[in-house]
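User: I am new to protein structures, and I would like a close look at a single part of this one. Please pick a part, go through it slowly, and then show me how it sits in the rest.

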Amino acid sequence: MGWLSICKVNYVKPDFPFSAQAEGKRIGIYLVDGEYFAMEDICPHANALLSQGFVDGETVECPLHGALFDIRTGQCLREPGDRDLNTYPVRINGDQIEVNLAGGSE
């Protein structure tokens with residue numbers, strides 16, 4: 001498992017993350033201050049897609065129960081998140097966002 005093309009860069013906006021499935025994992029792609037980040041897209045507390053939650057700068061809030069996560073690090077900032085999320089390296093290749101699922105914080 002190496003770098004996987006996830007989506008085009010124009011699919012991701014600061015307040016509109018992109019959700020994808022790759023290698024059996026749900027991944028959320030976020031744009032924060034001009035930089036792209038990838039992390040698990042499933043809230044460990046209630047199985048909700050975080051990419052459908054409320055994005056505020058560097059954080060995303062779970063749409064179901066309000067767990068709060070740092071987009072850059074995956075750190076759980078407010079319960080009931082249960083744990084930190086896995087994050088993954090991101091690179092831009094032309095107009096594509098690529099993620100390395102093998103290089104994550106798992």
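Analyst: Let's begin with a term: two strands count as paired if DSSP finds at least two bridges between them. Strands themselves (E, at least two residues) and helices (H or I, at least four residues) are DSSP runs, numbered from the N terminus. This is a predicted model, in which local features need pLDDT of at least 70 and side-chain atom pairs count only at pLDDT 80 or more, while totals for chains, interfaces and linings use all residues. Residues are numbered from 1 along each chain as its sequence is written, and side-chain values use heavy atoms, with hydrogens and water left out.

The part I have picked is the open sheet with the strand order E1-E11-E10, where three strands pair in the antiparallel sense. Strand E1 (3-8) and strand E10 (90-93) are at the edges and have a single partner strand each, so one side of each has no neighbour in the sheet. On average, neighbouring strands here are turned by 35 degrees against each other, direction ignored; such angles are taken between lines fitted to C-alpha atoms, on a scale from 0 to 180 degrees between N-to-C directions. As background, strands of a sheet pair through backbone hydrogen bonds, either parallel or antiparallel.

Now look at the pairings one by one. E1 is joined by five bridges to strand E11 (residues 96-100), and the two run antiparallel. Along this pairing you can find Cys7 opposite Ile97 of E11, and Lys8 with Gln96 as its bridge partner in E11. E10 is joined to E11 by four bridges, again in the antiparallel sense, and here Val90 stands opposite Val99 of E11. E10 and E11 form a hairpin with two residues between the strands, where Gly94 has a positive phi near 65 degrees.

How covered is E11? Four of its five residues are buried, so to speak mostly covered; buried means under 20% relative accessible area, exposed means over 50%, and partly exposed lies in between (1.4 Å probe, protein chains only). Glu98 is buried, at a relative accessible area of 10%, while Arg91 is partly exposed at 38%. The side chains of these two, Glu98 and Arg91, meet in a salt bridge of 2.6 Å, N to O. A salt bridge here is a side-chain nitrogen of Lys or Arg within 4 Å of a carboxyl oxygen of Asp or Glu.

That brings us to the other salt bridges. The whole structure has six of them. One of them joins Asp33 and Arg72, whose closest N and O atoms are 3.1 Å apart. Asp33 is in the loop between strand E3 (25-32) and strand E4 (35-40), and Arg72 is in the loop between strand E7 (68-70) and strand E8 (76-78), so this pair ties together parts 39 residues apart in sequence. Asp33 counts as exposed, at 68% relative accessibility, whereas Arg72 counts as partly exposed at 28%. Arg72 also forms a salt bridge with Glu58, with the closest N and O atoms 3.3 Å apart. Glu58 lies in the loop between strand E5 (54-56) and strand E6 (59-61), 14 residues from Arg72, and the pair links distant parts of the chain. Glu58 is partly exposed, with a relative accessible area of 35%.

Another sheet is worth a glance. Its four strands form an open sheet in the order E5-E6-E7-E8, with antiparallel pairing. E5 and E8 are at its edges with a single partner strand each, so one side of each is left without a neighbour in the sheet. Its neighbouring strands are turned by 30 degrees against each other on average, direction ignored. E5 and E6 pair over three bridges, with Asp56 opposite Thr59 in E6.

Finally, step back to the whole protein. It has eleven strands and zero helices. Its C-alpha atoms fill a box of roughly 35 × 25 × 20 Å along the principal axes, and buried residues make up 43% of the 106 residues. The UniProt record, an unreviewed entry, lists residues 3-99 as "domain: Rieske"; UniProt positions follow the numbering used here, feature names are shortened, and annotations may be inferred rather than shown by experiment. In this model, the end C-alpha atoms of residues 3-99 lie 5 Å apart, and the span is 48% strand and 0% helix.
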